[in-house]
Amino acid sequence: MTTHHLLPDLTTRATTTAHTRTPTCPCGTTTTLTDRPDGTVVRHESTVAKAHAPHTDPADLTARLTTAAELPTVLLPPLTPIPLHLHERLVTCWPYGTPVDPDDPDAAPWEAAATLLAHLHRTPPPTPLPPMRGPLKALRAITRLREADGSHPAATPVLRAWTLLPAWARAEEPQPDTTTLCHGDLHLGQLVRHPAPDGPWLLIDVDDMGVGVPAWDLARPAAWYACGLLPPDEWSRFLNAYRAAGGPAVPATGDPWPALDVPARALTVQTAALAVVKAVAADRPLDEVERAVVDACDRMGSAAPELAPGIAK
C-alpha cells in the first residue's frame, strides 16, 4: 500500500499533467488503478501516473523509459523519458490506453501480443539496458514463500521444482543471453490500445524490461498451456503468430519446448509460490487454479528440465 501522502500527491501529479496535456479536460474522478507495494498507478482522464517500487534504480528506469520512447510502435511511450521524484519514489506519467477486457476471453489479443514480442525481440536495444528481471521476480516469489510458511504442504513440491532449475533461471548466475531485448513480465494485462479506445495494441510496464533470454516472455502462456489452464487453440494462436513474425525465442518450425521448458517451469514455480503465499495469508485452502500449478510443480520434481542447445545447466 502507499504511504499516507503518496496517493493524494500522485493524484495531484496525474491531474496536473492531464490538464497540461488537455486544457479542456472534462475532469472526471481520478481513479486508483493499482495500489501495491511494488507500484501505485492512478488515472485522470487521458493521463496515468505511476509510482514505481521503492528503491527502483533511477538509471535503470531511465534507460527503460528511453527504450519505450524509442520504440513507439511496440511499447507505449512515456510522456517524458525522465522519472520524477515524489516521497522518495520514482514517478512516471503515461498516456492512457484501453486495457484487455478480462470479461471477454474470446477477444484476448494473443496474436497481437505474440507479434509485439517478436518485434521487441528482433529490435536491438536503443540504449544500454540492465538484465531482464524475470528470474529475479521468480526468486522473490520463492523468498516470499519461505518467509510466509515454508512448511505449508504445498510448499514442498514448489521448492523442489525450484531447486531443479538452472542457476540462471534462479537469478544465481547471469542469463545465457545478454543481448536480446525482452519485456520481462508478459501477460495480457500488459497490453493496451493506444490511442484509446481502439488504437493499435502496445506493450506497457517497463519495470522488468532488459536484455536476456527471450523465451521468458513466452513462458507464462506456455506454462498455462502445460498446466491445462490455457486451451490448446489459444496457445497455438500465440505460438504461430510469434513464429510468423520471426520471433527468435523458439525455432521457426518443430518442437519449441527445448527453448521454452526452463522458463515455463520457472514461471510455474513463481505462480505456485505466490499462490501458496496468498492462501497462507488468507488462511484458506488452495483453489482449483492454484492447486493446478502446485500439482504441475509436483510433476516437475520427477523430471529434469529440457535445455535448449548451448544453454548451460
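This is a predicted model: local features need pLDDT of at least 70, side-chain atom pairs count only at pLDDT 80 or more; totals for chains, interfaces and linings use all residues.
**Stop 1: Lys137 and Asp185**

Select Lys137 and Asp185 and show their side chains. The two meet in a salt bridge, with 3.2 Å from N to O. Lys137 belongs to helix H4, which covers residues 134–149. Asp185 sits in the loop between strand S7 (181–182) and strand S8 (191–193). The pair links distant parts of the chain, 48 residues apart.

Now colour these two residues by accessibility. Asp185 has a relative accessible area of 10%, and because the limit for buried is under 20%, Asp185 counts as buried. Lys137, at 24%, is partly exposed.

**Stop 2: Asp208**

Asp208 is buried, with a relative accessible area of 4%.

**Stop 3**

**Stop 4: Arg284 and Glu290**

Clear the selection and pick Arg284 and Glu290. Their side chains meet in a salt bridge of 2.9 Å, N to O. Arg284 is partly exposed, at 32% relative accessible area, whereas Glu290 is buried, at 9%. For the whole structure, a search finds twelve salt bridges.

**Stop 5: the largest cavity**

Rolling a probe the size of a water molecule over the atoms shows where empty space is left. How many cavities of 30 Å³ or more does the structure hold? There are two.

Select Gly134, Lys137, Gly184, Asp185, Leu186, Trp216, Asp217, Arg220, Leu267 and Gln270, which line the largest cavity. Its volume is about 70 Å³. Lys137 and Asp185, the salt-bridged pair from the first stop, are both part of this lining. H4 and helix H8 (257–282) each supply at least two of the lining residues. By class, the lining has four charged, three polar and three nonpolar residues.

**Stop 6: the second largest cavity**

The space here is about 50 Å³. Helix H6 (219–226) and H8 each contribute at least two residues to this lining. Five of the lining residues are nonpolar, two are polar and one is charged.

**Stop 7**

For the last stop, select Pro131, Met132, Glu173, Pro174 and Gln175. What do they mark? Of the 14 residues that line the second largest pocket, these are the closest to its centre. The pocket holds about 210 Å³ of space. Its lining divides into eight nonpolar, three polar and three charged residues.

Terms used:
Residues are numbered from 1 along each chain as its sequence is written. Side-chain values use heavy atoms; hydrogens and water are left out. A salt bridge is a side-chain nitrogen of Lys or Arg within 4 Å of a carboxyl oxygen of Asp or Glu. Helices (H or I, at least four residues) and strands (E, at least two) are DSSP runs, numbered from the N terminus. Buried means under 20% relative accessible area, exposed over 50%, partly exposed in between (1.4 Å probe, protein chains only). On a 1 Å grid over the protein atoms alone, a cavity is a set of points where a 1.4 Å probe fits but cannot get out, and a pocket is an open set with protein on both sides within 12 Å along at least five of seven lines; lining residues have an atom within 4 Å of a point. Grid points are joined across faces, edges and corners, and a volume is the space filled by probe spheres set on the points. Ala, Val, Leu, Ile, Met, Phe, Trp, Tyr, Cys and Pro count as nonpolar, Asp, Glu, Lys and Arg as charged, and the others, Gly among them, as polar.
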